[in-house]
Amino acid sequence: MKIAPHLHRIGNDVVAAYLIDTDEGVTVIDAGLPGHWRELRAELKAMGRTLDDVRGLVLTHGDGDHIGFAERLRRDHGVPVFVHAADAERARTGDKPATAMGPKRLGPLLRFASYAMRKGGWRTTYLTEVSEVADGDVLDLPGAPRIVGMPGHSPGSVAIHVPLAQAVFVGDALTTRHVLTGRTGLGPAPFTDDPAQALDSLGRLAGLDATWVLPGHGAPWRGDLAAVEQDARRAADSA
């Protein structure tokens, strides 16, 4: 689905990944679930592109519902996969601390679990090789994505800022659709390692030159990034 010039999404409001389309080629942001592979190929075709046009895949963090087709793209098509150094081991092994589930409702929880199962979430293939990045890095990829450290959800969670598209991809640094409660609007994501740190990190979005916020779960959001942290804290207080 085309969202705006240079911006495409695959998946849906339950789990999403994104494509940045430029004259120099395509950058993929996150890799959703394994079953999103077919949607990746279909979206590229609709864009007049192929897998040969993909220059790199950048992960917002190393969780299983964001690395779905990453190893396949790397292994079979030679596409480098970039992840923050602090989440490199997570992306390679799936090792992560146990976190409290927090508030939940049966309907949204079952919808999330059912969708993940249909998209092969039970058969995650972790990365064999990754290219490590750090806060402030500007990658030599289409759209010149810049890494913005957003620790909290995981130690290596990042936002990916693409000025060309007026967009920032936030992974699970925040959500616009809570997968366990169904709540919509800006708010903290569940399964977060350090919720307080994650909220503090949202202040880093305020100065970015962007109007689009693209989460891993939920609808794209458009507005003033200076309001994001306050809105997320309000949602956290009312949970």
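This is a predicted model: local features need pLDDT of at least 70, side-chain atom pairs count only at pLDDT 80 or more; totals for chains, interfaces and linings use all residues.

What sits over the ring of Trp122? I checked, and the charged end of Arg123 does, 5.7 Å from the ring's centre.

**Aromatic pairs**

I searched the whole structure for aromatic pairs and got 2. In one of them, the ring centres of Tyr18 and Phe169 are 5.4 Å apart and the planes make an angle of 55°, so I wrote this pair down as tilted. Tyr18 and Phe169 are both buried.

Next I turned to Trp37 and Phe69, an edge-to-face pair with 6.0 Å from centre to centre and 65° between the planes. Trp37 belongs to helix α1 (residues 37-46), while Phe69 is in the loop between β5 (54-58) and α2 (70-77), so this pair ties together parts 32 residues apart in sequence. I found Trp37 buried, and Phe69 as well.

**Nonpolar cores**

Phe69 came up again when I went through the largest nonpolar core, which has 25 residues. Phe69 is one of those touching the most other members, along with Leu19, Val28, Leu40, Leu57 and Leu73. I listed the elements that give two or more residues to this core: β3, β4 (25-29), α1, β5, α2, β6 (81-84) and α3 (88-93). Helix α1 gives the most, with 3 residues.

I then picked Leu57 and left out residues up to four places away in sequence; its contacts include Val28, Ala70, Leu73, Val81 and Phe82. Apart from this core I noted another one, of 21 residues, with Ala16, Ile20, Ile29 and Leu141 among them.

**A sheet**

Which order do the strands of the open 5-stranded sheet follow? I read off β8-β9-β10-β13-β14, with mixed pairing. Strands β8 (146-149) and β14 (221-222) are the edges, each pairing on one side only. I zoomed in on β9 (residues 158-162) and β10 (residues 167-171), which pair antiparallel over 3 bridges. Val162 stands opposite Ala167 of β10.

**One lysine**

Is Lys119 buried or exposed? I got 18% relative accessibility, and because buried means under 20%, Lys119 counts as buried. Lys119 is in the loop between α4 (106-118) and β7 (131-133). Skipping residues up to four places away in sequence, I found Lys119 touching Leu33, Pro34, Gly35, His36 and Glu39.

Note on methods
Residues are numbered from 1 along each chain as its sequence is written. Side-chain values use heavy atoms; hydrogens and water are left out. Two strands pair if DSSP finds at least two bridges between them. Helices (H or I, at least four residues) and strands (E, at least two) are DSSP runs, numbered from the N terminus. Buried means under 20% relative accessible area, exposed over 50%, partly exposed in between (1.4 Å probe, protein chains only). Contact means heavy atoms within 4.5 Å. Rings of Phe, Tyr and Trp (its six-membered ring) pair if their centres lie within 6.5 Å; planes under 30 degrees apart count as stacked, over 60 as edge-to-face and the rest as tilted. A charge sits over a ring if NZ of Lys or CZ of Arg is within 6 Å of the ring centre and within 35 degrees of the ring normal. A nonpolar core is a set of buried Ala, Val, Leu, Ile, Met, Phe, Trp, Tyr and Cys residues joined through side-chain atoms within 4.5 Å.
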